[in-house]
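Student: I would like to go through this protein by asking about its parts.
Tutor: Look at it first, then ask.

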Amino acid sequence: MQIRAAVCLISSIALTAEAQRPTLAPATRRYVSVDTTVIAFTNARVIDGTGAPPREGQTVIVTDGRIAAMGNAAEVAVPEAALRIDLTGKSLLPGLVMVHEHLYYPALGAPIYGNYTESFTRLYLAGGVTSMRTGGNMNGYSELNIAKAIEHGDKPGPWIDATAPYLNGPNSFSQMQSLRTPDEARRFVNFWADQGASSFKAYMQIRRDVLGAAIDEAHKRRMKVTGHLCSVTYREAAELGIDNLEHGFLAATDFVADKAPDECPGQGRGQMSVNALDPQGAEFQGLVRELVRRGVAITSTMTVFETFTPGRPEPPGLDVLAPQFRDAYQRLYTAVSKNARSLYSTLLPKGMALELAFVRAGGLLVAGTDPTGGGGVIPGYSNQRAIELLVEAGFTPLEAIRIGTLNGATYLGRADLVGSIAIGKQADLLVVKGNPAAQVSDIRNVEMVFKQGVGYDPARLIGSVKGSVGFW
Ligand SMILES: [Zn+2]
């Protein structure tokens, strides 16, 4: 085991404007349990997010929202003024950085997605998510506004990379634009970037020329584009310069034999072809090589696929839902359990094996939860579940934690600020009872969530929305 002895106390840290703690409004302060300039975590097991082995008996000093010092107890002096927090029996992890999150949720029985910016942002923070990208926006300005409100300290929640409304071709969603030409796509990207969106997501019916124009325009503004694709294959999107592809390989239509250009053959047909893939076979490995060569990240969203798969445990967090939403999901869960012919019985483990093979071939895997589907993916709770499912896929707990922290920060271009526990980084930290490096389910025991050095109380955040999630 490698022990890092590097210890230094930094007396003055250059704070970038971005990292400076905002003044917290009363609406945010209500959920705060620790807010002081200097904090000393003692007797901590540090799981730093890089994949390095845990370090026991650590002292971590936080000053003005930054990690100022870290090391063995004997090596790090605790400043007189520090608030001491004894972490005996607990682990300190970086805040989660997850990239397929949503601030909307499916309505009961209608093809409409409601706006849950208020309850979801609290649940995400309570579950340990301190940074997130939304993976598609159904409610326009609301998403951009809450990202700003959180940044200014007016509302509690994670830092948000807020996507614009979806980039899609002609489609049947009442909440999506239908982009028909490259010119329209260029205007759309610039309009939403001007409004404050900071990234983009393409969807299932977009044409290659429209997607290419959108990527080109977004890149000019130093923004990234991801996609849940169907009409465009992964290989075509990679050639067009896309940065990220969602849903592991389960949205790939590259392997549909008679795939017509610019047409979605149906997600089901794509998934049947993916279900037949050999993770080590030439067909799949050829695509992986292309994605790795072009630096295209893949987002794992096993949490949503798990809710389509028979024989799986009930997802965590259902008790925060309003009763009619909870009942509706439980009926769906029962129906899924009885579907003995579901493709997902083999597709879920196949999707896991493909993600593992992608990483073993050098690919950047990031994680998200996708709280859509039938309503069983509950923000915060499902982010912890995502880490567990990565371990089920064959990653070690330390690798899974890295995928959910440092990899996300790396993709977002924020790894110098967040994503791991290191001196000089922002103090986005989770206090977790137990040792998730040894027993990954301990990731569910998040006791405190620090964002920019301010400690939030998960119980208070959850309590403020419990029983009413589904309405707002
Ligand atoms: Zn999604």
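Student: In which loop does Asn445 lie?
Tutor: This is a predicted model, in which local features need pLDDT of at least 70, side-chain atom pairs count only at pLDDT 80 or more, and totals for chains, interfaces and linings use all residues. Residues are numbered from 1 along each chain as its sequence is written, while side-chain values use heavy atoms, with hydrogens and water left out. Helices (H or I, at least four residues) and strands (E, at least two) are DSSP runs, numbered from the N terminus. Asn445 is found in the loop between strand 17 (429-433) and strand 18 (446-451).

Student: Which residues does Asn445 touch, not counting those up to four places away in sequence?
Tutor: Contact means heavy atoms within 4.5 Å. With residues up to four places away in sequence set aside, Asn445 touches Val431, Val432 and Lys433.

Student: What is the relative accessible area of Asn445?
Tutor: Buried means under 20% relative accessible area, exposed over 50%, and partly exposed in between (1.4 Å probe, protein chains only). Asn445 counts as partly exposed because its relative accessible area is 30%.

Student: How many Å separate the C-alpha atoms of Asn445 and Leu245?
Tutor: Along the chain, Asn445 and Leu245 are 200 residues apart.

Student: Are His102 and Asp370 buried or exposed?
Tutor: His102 has a relative accessible area of 1%. Asp370 has 6% relative accessibility. Because these values are under 20%, His102 and Asp370 count as buried.

Student: What is the angle between helix 2 and helix 3?
Tutor: Axes are lines fitted to C-alpha atoms, for helices over the stretch in contact, and angles run from 0 to 180 degrees between N-to-C directions. The axes of helix 2 (residues 117-126) and helix 3 (residues 141-151) are 11 Å apart. The angle is about 45 degrees.

Student: Which residues make the contact of helix 2 with helix 3?
Tutor: By class, this contact has two nonpolar, three polar and two charged residues. Ala, Val, Leu, Ile, Met, Phe, Trp, Tyr, Cys and Pro count as nonpolar, Asp, Glu, Lys and Arg as charged, and the others, Gly among them, as polar. Helix 2 supplies Thr117, Glu118 and Thr121, and helix 3 supplies Ser142, Glu143, Ile146 and Ile150.

Student: How many of the ten residues of helix 2 are buried?
Tutor: The buried residues of helix 2 include Phe120, Leu123 and Leu125. Thr117 and Thr121 are also among them. Helix 2 is mostly covered, and its buried residues number nine.

Student: How are helix 8 and helix 11 placed relative to each other?
Tutor: The axes of helix 8 (residues 282-294) and helix 11 (residues 344-360) come within 10 Å and cross at roughly 50 degrees. Angles under 35 degrees count as roughly parallel, over 145 as roughly antiparallel, 65 to 115 as roughly perpendicular and the rest as oblique. Helix 8 and helix 11 are therefore oblique.

Student: How do the residues of the contact of helix 8 with helix 11 divide?
Tutor: Helix 8 brings Phe284, Gln285, Val288, Leu291 and Val292, and helix 11 brings Leu354, Ala357 and Phe358. By class they divide into seven nonpolar, one polar and no charged.

Student: What is the phi of Asn43?
Tutor: Most residues other than glycine have a negative phi. Asn43 lies in strand 2 (residues 38-46) and is partly exposed at 41% relative accessibility. Asn43 is not a glycine, yet its phi is positive, at about 55 degrees.
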